[in-house]
Amino acid sequence: MAINYSEKSKKFHIFNDKISYIIQILDDNCLGNLYFGKHIHDKEDFSHLLQGGLRSLAVFHKENYYFMSPQYTKMEYPTYGTGDYRHPAVEIKQENGSRVVFFEYESYKIFKGKKKLMGLPATYVESEQEAETLEITLIDKLLEVHCILSYTIYKEYPVITRNARFINNGSENVILERALSASVDLPDADFELLTLSGAWSRERHIKTSKLQQGIQGVYSKCGASSAEHNPCVILKRPNTDESIGEAYGFSLVYSGNHMEQIEVDTNDLTRVLIGINPDTFEWPLNNGEEFQTPEAVMVYSDEGLNKMSQTFHKLYRTRLVRGIWRDKARPILINNWEATETNFTEEQILEIARTGKALGMELFVLDDGWFGKREDDKTSLGDWYVTNFKKLPDGINGLSQKIEALGMKFGLWFEPEMVNKDSDLYRAHPDWVLQAPGRSLSLSRNQYVLDFSRPEVVDHIYNMMERILDTAHISYVKWDMNRYISECYSNHKPASRQGMVFHEYILGVYSLYERLIEKFPDILFESCSSGGARFDPGMLYYAPQAWTSDDTDAVERLKIQYGTSYVYPLSSMGAHVSKVPNLQVGRTTPIETRGNVAQFGVFGYELNLNLLSEEEKTIVGKQVAFAKEHRELIHQGLFYRINSPFEEVGSWMVVSEDREKAIAAYYKLLSIPNEPWRRLYLKGLDKDKKYVINNDKSRVYYGDELMNAGMVIHKEDLCAGGGDFTSAVYFIKAVEKSFC
Ligand code: DGJ
C-alpha cells in the first residue's frame, strides 16, 4: 500500500496490491482523474492517459491551453460554471448570485491511518498501519473557500474511502448548494448499472439496466436512506457475473437524503456522483465555518460481484461496526411483535419468554406497546415511560427482572424520533415537530416527526431513554422509525437555515445514538425503519444489526436477503422465523424453510411460540441449536451467492476463512412436474481438501469435485416432503487428507 506523489509529473498514485487510483494536477491547476481500477505498476508519469484535444464548442480555462477542456476531461471533483456541462460535485451560491467556482490545487498531505469524521459515521482503522490517507487541498481563490478532498486506501482491501470538507476562509458568506462526497469519471460507458431498490416489504431487490447516455441513478428525499433506493450503486461490465469480471461498488455511509447518479456523456465518459441529495440542500458557510460531507466507499473487484460483496462485508463488519458486539456472538432472540402487536399482558409476554427459554432462545425483545397509553398506533409515541400498570404491573424494570430470572436477556423497542398528537410530549411541546408554517401537518401511521435538528429535542429524548436504560435490565434496544419526513421545516431556524434541516436531522439521530452507546456500551442496538427503510452503512456504525424487512415470508426474504448481501454482511441482517400464513403475503411455507432462510442472518423468532405444535417446537429447538453452533461461521465466514432466488431456485453458502467448514443452503421455490435433476455447485472450498457432508463419513468429496462437478440434490434432502417452498441445508466439513 502506498500513496505516491510525483512533483515532476504532478500525479498522485494511490495503490495497494489490488487497486490503483490516479489523479493528475492539470496544466490549468484543476484536478483530473487518470485511472481507477485493478492495480497497475507505479511509475513517474501517467499523463498519456489524459484524453483531450481541441473540439468545437469546447471551453478552456487558460489562454493557449487547447488541450484539456473540462467538458471532455475526466475531472476529479467537478465544479459548476467553467465549462464542464455535466453535473458537478459542488455548487456554491455567492452573495452576488453567482454560482461559478474554480477550485484549483493548493497543497497535499499524506499520512498513515485515517481520521475520524466529526459527527458522522465512517469506516475506521485500529492501527495506523492498516491504511494511508491523502488529503488534497483545493482553493477557490476569489472566495478563499478551501475544499479538502480526502482519500484513504486500506492495505488489505480493494477499497478507497473518500470525503470532502469545505472551509470558508474568505469574508463572503456563501451557500453550499451541493457538496457531494465523491465523483468518479470512468473512461467508457460499457457498464450495467445495478441498484438495490424496492419498497416497504420488498426492500433491496436487484435492478439491473444497461447504462445509457444521459442521467440515471437512485436517490432518496424522504429523510431516511429509504426502502425505495439503498445508498449504493454498482457498475459492472456486461460479462461480469458473480465470479468473473469487473465491478465497481459505490456505497454511501449515510442515513438521510442521498443521491447516486450516473451520467454518461455523448462521448461515452461515465461520471459517478455520490453524496447528500442536493435537492433542497442549502448549507450556509460563513467566514471560518466548515462543512464535512459523509464518507463514500468505493470497492473494485475484477473477480465478479461476489468478491465485491465480500470486500464490503469484511470492511463493514470489522471496520465500520464498532463496540463489543462487533465480534461477539449475537443472541438468538424472540420478539413479540407479530404475536401480540401492541395488545399484550405481562403474563402473555412471560409465557412466550418461558417457551423461548425452554427452546434455547437467549433474548426476549418487547416490541411496540409498552409505554404511555399505547394500545394501538394512535397514541403515546414520545412518552418513553410506563403509565399502564394494568399491562405491566411492575413496569419495565419489573418485567426485565422477571425475564432475566428465566435466564434470558431483555430487550426493548423505542421509536425515539417520533411523537403522537395524543402524547404528553406533544401536549407540552407542540412546536417540537417538523412543520411548515401555515400549512397542515401530514400524518403517517398517525405520527409526526420530532425536530431532531434541535439539540434540546434530542436532549429531552436522550434523558427519557437514559432513565429507563439506567433503571431496567436492558441488554438490547430496537430503534424503529416508522415514517418518512414531510413538511421539513424547523420552527426555530431562520429562513436562511431551512435548507440544513434534513441533514441536521440525521446528525441529531447520530448524536443520540453516539451518546447512548457511549453511556451504555454493552447494549446491542438493532436499527429498524418499518422494516428495512434505513438499512444503510451509516446506521451500522451505531447499530451492528438492522431489521432487514417487515416481510418475513421465507420466499420474499430470500430475495431481500440476497439483494441486501450485495453490500451488507450477514451479521447485519436481522432475520426471524414468523408465523404462517405470512402476514405480508399470506403464504404458508414450512417452518424448516423459514428457519433455513433466517439462519443466514442474525437469527431469531417473531411469533407466538405457544401456538406451535409439539412437532414444530422440536424443529425450533433444533434450529436454535444449529444457530448457536454455527452463528460464528455464518456471520464471519465468506458469503457466496450461488443461485438467484429471483429465478427458479435459490442457493447460497458461507465458508470459513480457513476453508475448513461451510454451510450451504438450497431453496426450491415452486415445484415443477417431472422436475429436472438439480445440482448445487459449491464455491469457495479448498480444491485439494477432502470434505464430508452432514457428518456422513461414508462419502468423502474433494473440494474441486463439490465445486466443479457439484452436489446432486436429492428430493429426500429437502424438508417437508420436497414440495413448494422446501429447502435443504448442508454442513460441509474438511477431514484429514488420509480420510477416505
Ligand atoms: C415496524 C417494525 O418493522 C416492526 O418490526 C415493529 O417493530 C413495528 N414497527 C412496531 O410498531
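Select Glu-504 to begin: at 19% relative accessibility, this residue counts as buried, where buried means under 20% relative accessible area, exposed over 50%, and partly exposed in between, with a 1.4 Å probe and protein chains only. What you have open is a predicted model, in which local features need pLDDT of at least 70 and side-chain atom pairs count only at pLDDT 80 or more, while totals for chains, interfaces and linings use all residues. Residues are numbered from 1 along each chain as its sequence is written, and side-chain values use heavy atoms, with hydrogens and water left out.

Glu-504 sits in helix 7, residues 501–519; helices (H or I, at least four residues) and strands (E, at least two) are DSSP runs, numbered from the N terminus. Setting aside neighbours within four places in sequence, Glu-504 is in contact with Trp-283, Phe-452, Ser-453 and Lys-493, contact meaning heavy atoms within 4.5 Å. Now show the side chains of Glu-504 and Lys-493, which are joined by a polar contact of 3.3 Å. A polar contact is a pair of N or O atoms within 3.5 Å; within protein, one must be able to donate a hydrogen and the other to accept it, and residues adjacent in sequence count only if both atoms are side-chain atoms.

Next, select Ser-453, in the loop between strand 25 (447–449) and helix 6 (455–471). Ser-453 is buried, with a relative accessible area of 9%, and its side chain makes polar contacts with the side chains of Asp-451 at 2.5 Å and of Lys-493 at 2.8 Å.

Move on to the ligand. Of the 13 residues around the ligand, Asp-367, Asp-368, Lys-478, Asp-480 and Asp-550 come nearest; a residue is near a molecule or strand if one of its heavy atoms lies within 4 Å of it. An N or O atom in the side chain of Asp-480 is 2.7 Å from a nitrogen atom of the ligand, whereas a polar side-chain atom of Trp-413 lies 3.1 Å from a ligand oxygen atom, and one of Trp-547 lies 3.4 Å from a ligand oxygen atom. The protein covers 97% of the 290 Å² of accessible area that the ligand has on its own, with areas from the Shrake-Rupley method and a 1.4 Å probe, and for residues only the protein chains shown counting as cover.

Now select Leu-366, Trp-370 and Ile-396, which have the most contacts inside the largest nonpolar core, a core of 194 residues. A nonpolar core is a set of buried Ala, Val, Leu, Ile, Met, Phe, Trp, Tyr and Cys residues joined through side-chain atoms within 4.5 Å. Helix 7 gives the most to this core, with 10 residues. A second, separate core of 23 residues includes Tyr-640, Ile-642, Ala-664 and Tyr-666.

For the last stop, select helix 10, residues 591–598: 7 of its 8 residues are buried, so this helix is largely enclosed by the rest of the structure. Among the buried residues of helix 10 are Thr-593 and Asn-596. The side chain of Ser-727 makes polar contacts with the side chains of Thr-593 at 2.9 Å and of Asn-596 at 2.8 Å. Beyond close sequence neighbours (up to four places away), Ser-727 also touches other residues, including Tyr-666, Tyr-667 and Asp-717.
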